[in-house]
Amino acid sequence: MAKIDFQAMEIDPKSGFCSETITYHSLRPIVPLPPVNSSLSIYDYVFSLFRSISNSSPETTTALIDSETNTRISYSVLIQKIESLSHHLKSVVGLSKGDTAFILSPTSLQIPILYFSLLSIGVAISPSNPKSTISEISHLISLSKPIIAFATSKTAHKLPSVLHHGTILLDSADFELMMTEEERTLVDLVDKVNQLDTAAVLYSSGTTGRVKGVMLSHRNFTSLAAGIYGSQLKNRGMGTSDVVVLCTVPLFHVYGLVCILKAAAMGETLVVLNQERRFEVERLMKIVEDYKVTNLAVAPPVILAMCKGPRMDHAHDMKSLTTVVCGGAPLLVEVISRFRDRYPNLVVAQAYGLTETTGGVFRTLGAEESRKIGSTGRLSSNMQAKIVDPETGAALPPCKQGELWVKGEAIMKGYVGEEKATLTTLDTDGWLKTGDLCYIDNEGYLYVIDRLKELIKYKGYQVAPAELEELLQSHPDVLDAAVIPYPNEEAGQVPMAFLVKRPHSSIDEPQVMDFIAKQMIEHFPRRLEDDLAFVTLACQWPSTSLKYMSGHDQLSRKVSPYKKIRKVKFIDCIPRNAPGKILRNELIKLALSSRTTNTKTAAKL
């Protein structure tokens with residue numbers, strides 16, 4: 001792997017910041033990519049990486065495990081199933097390069113096989129949440145325009161009957177036969193897949209607006225896989241991996257898809273979790289014990305549950321577990337601290353990314369980087385970033401807050417059928433505007449403040465919901481929390497909290513409001529809307545979390561008056577999407593519906 005010539009480009013070797021262009025460059029080694037004009041699918045690329053491992057053994061290395069049925073598939077059997085299914089879909093069903101397949105299924109062993117089969121013949125995969133409603137699915141299908149669907153006997157009724165090739169059931173005997181037919185070569189059947197061809201149409205979370213279809217190319221996934229492979233290989237060497245990954249995240253999300261690609265590239269064993277069952281920490285730890293899991297891939301709600309629920313690690317042998325990788329949504333500093341206190345021997349690795357960036361473009365690697373509490377890591381290989389003032393459009397130096405823009409081979413092709421939205425998000429130079437308020441410190445670590453569109457505007461001040469959520473979750477009687485903007489005639493908007501309280505707790509609205517008003521932040525606040533002094537302080541001690549500074553060095557301050565909670569509502573659960581992001585629109589609708597009801601009642605009186 002090539003190294004960056006920092007002196008020639010006037011790049012700070014500590015932060016990756018180039019003062020000449022006011023952009024950040026990755027501190028990771030440059031990872032070579034295949035020539036962009038070469039014909040290569042992400043399936044072919046990933047398995048070429050697997051075969052390049054010096055002692056890879058497809059016959060003896062387990063590729064997939066179903067934690068529900070204990071079914072195991074070796075890499076040799078996985079490849080056979082992929083090739084058999086690919087042949088059937090191409091020669092019998094009639095799928096060809098450029099087609100799109102819609103997938104509506106919960107997690108199962110069939111999903112990785114299906115993904116790789118479709119990708120190998122140039123068919124774009126378009127998976128969706130199996131819990132989506134019929135009307136939601138209708139909208140998604142209108143975006144991706146698939147000619148075939150893959151579903152289960154429980155989800156097929158949600159799909160239209162007008163698809164050209166109909167629907168194939170993944171839990172049917174017919175599909176099993178497709179995967180076990182006599183192996184045939186695909187050389188003469190498959191059209192050559194170009195790297196810039198669309199590999200997937202994934203759907204944005206829709207937390208702040210109408211869902212959009214994100215087009216990702218084979219090149220996007222190749223770039224991501226190359227970066228992960230290069231960084232992992234540096235730590236592990238050229239031998240096959242002993243890593244066993246328990247994937248708790250949905251495989252229809254970009255996070256789950258990246259888990260599949262990474263596992264295959266590195267020769268890891270991927271344990272899949274039945275997500276139709278209610279999540280339980282004890283069940284999770286039993287799976288860790290049974291399959292000697294080394295790595296957990298989770299979203300923040302799992303971390304929170306492991307922090308707040310009863311301890312189960314003493315009842316199960318967890319010695320194999322070394323790393324918990326968290327992504328998909330922000331992980332609050334308070335939650336990280338509590339998790340580390342409870343599980344001090346585990347490394348909590350974080351990543352930042354979007355569907356539009358093909359997953360993580362910032363990530364922590366190794367125990368040292370993971371000690372930077374509140375950071376989502378350093379810029380990935382082959383990527384550039386800059387922090388842009390949302391008002392002026394000017395690029396900013398380290399420790400200044402602004403919107404994060406990223407650029408590189410992992411950036412999406414665009415939104416399918418939405419040219420205007422694409423032009424709004426991607427500029428003519430290839431920079432993707434993330435919509436996230438962030439800063440990068442003097443060591444190149446990214447800190448995410450909040451979504452720009454989600455900031456609460458209180459009398460001209462900006463309040464980050466995530467900062468208040470972190471404080472609320474530190475209360476012993478609060479299991480989960482979300483903060484939204486609530487209309488106010490005088491202030492414009494005020495912070496309103498939705499809380500899930502611990503069973504049998506008697507906490508009420510005045511107590512919550514008083515708790516926030518009196519709360520002292522004894523750790524360095526990751527979300528720093530207006531207080532630039534704190535950012536400056538962070539850059540003076542970049543490698544130290546203020547929470548762990550002692551005596552007179554430790555810093556504390558009250559919440560600014562304009563950040564106080566002004567309204568509270570208790571609910572049974574906080575609505576979140578599959579990756580764990582809070583669905584604030586649903587809470588805003590709930591708050592406004594209550595407001596309308598109260599207004600009508602007052603009018604009658």
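Biologist: At its relative accessibility, what does Ser96 count as?

Modeller: Ser96 counts as partly exposed, because its relative accessibility is 25%. (Buried means under 20% relative accessible area, exposed over 50%, and partly exposed in between, with a 1.4 Å probe and protein chains only.) The model is predicted, so local features need pLDDT of at least 70 and side-chain atom pairs pLDDT 80 or more, while totals for chains, interfaces and linings use all residues. Residues are numbered from 1 along each chain as its sequence is written, and side-chain values use heavy atoms, leaving out hydrogens and water.

Ser96 sits in the loop between helix H3 (75–93) and strand S5 (100–104). (Helices are DSSP runs of H or I with at least four residues, strands are runs of E with at least two, and both are numbered from the N terminus.) Leaving out residues up to four places away in sequence, Ser96 touches Lys90, Ile121, Gly122, Val123 and Asp191. (Contact means heavy atoms within 4.5 Å.) Take Gly122 from that list. Ser96 and Gly122 are 26 residues apart in sequence, and their C-alpha atoms are 6.7 Å apart in space.

Thr60 is in the loop between helix H2 (42–52) and strand S3. Thr60 counts as exposed because its relative accessibility is 64%. Ser217 belongs to strand S10 (residues 213–217). Ser217 counts as buried because its relative accessibility is 3%. Beyond four places in sequence, Ser217 touches Gln195, Leu196, Asp197, Thr198, Ala199 and Lys413.

Now the whole chain. The protein chain holds 17 helices and 30 strands. Of its 605 residues, 58% are buried. Take contacts between residues at least 6 apart in sequence: 70% of them join residues at least 24 apart. The chain exposes about 25700 Å², and carbon and sulfur atoms supply 52% of that area. (Areas come from the Shrake-Rupley method with a 1.4 Å probe; for residues, only the protein chains shown count as cover.)

Next, the nonpolar cores. (A core is a set of buried Ala, Val, Leu, Ile, Met, Phe, Trp, Tyr and Cys residues joined through side-chain atoms within 4.5 Å.) The largest core has 97 residues, and Phe47, Leu118, Phe150 and Phe362 touch the most other members. Helix H8 (residues 254–266) gives the most to this core, with eleven residues. Apart from it lies another core of 32 residues, among them Ile65, Met285, Met318 and Ile336. As for Phe150, its contacts beyond four places in sequence include Ala101, Phe102, Ile103, Leu104 and Leu118.

Helix H10 (residues 300–308) is largely enclosed by the rest of the structure, because seven of its nine residues are buried. These are Pro300, Val302, Ile303, Leu304, Met306, Cys307 and Lys308. Their cover includes helix H9 (281–291), helix H11 (333–342) and strand S26 (478–488). H9 has buried residues of its own: Val281, Arg283, Leu284, Met285, Ile287, Val288 and Tyr291. H10 is in turn part of what covers them, as are strand S3 (62–66) and strand S4 (72–74). Just after H9, Lys292 takes a positive phi of about 50°.

The largest cavity has a volume of about 70 Å³. Helix H7 (218–236) gives the most to its lining, with four residues. The second largest pocket has a volume of about 430 Å³. It is lined by 23 residues, and Asp66, Thr107, Ser108, Leu109 and Gln110 are the closest to its centre. Helix H4 (110–120) and helix H6 (173–180) each supply at least two residues of that lining.

Notes: 1 Å grid on protein atoms, 1.4 Å probe; cavity = no way out; pocket = protein on both sides within 12 Å on 5 of 7 lines; lining within 4 Å. Points joined across faces, edges and corners; volume = space filled by probe spheres on them.
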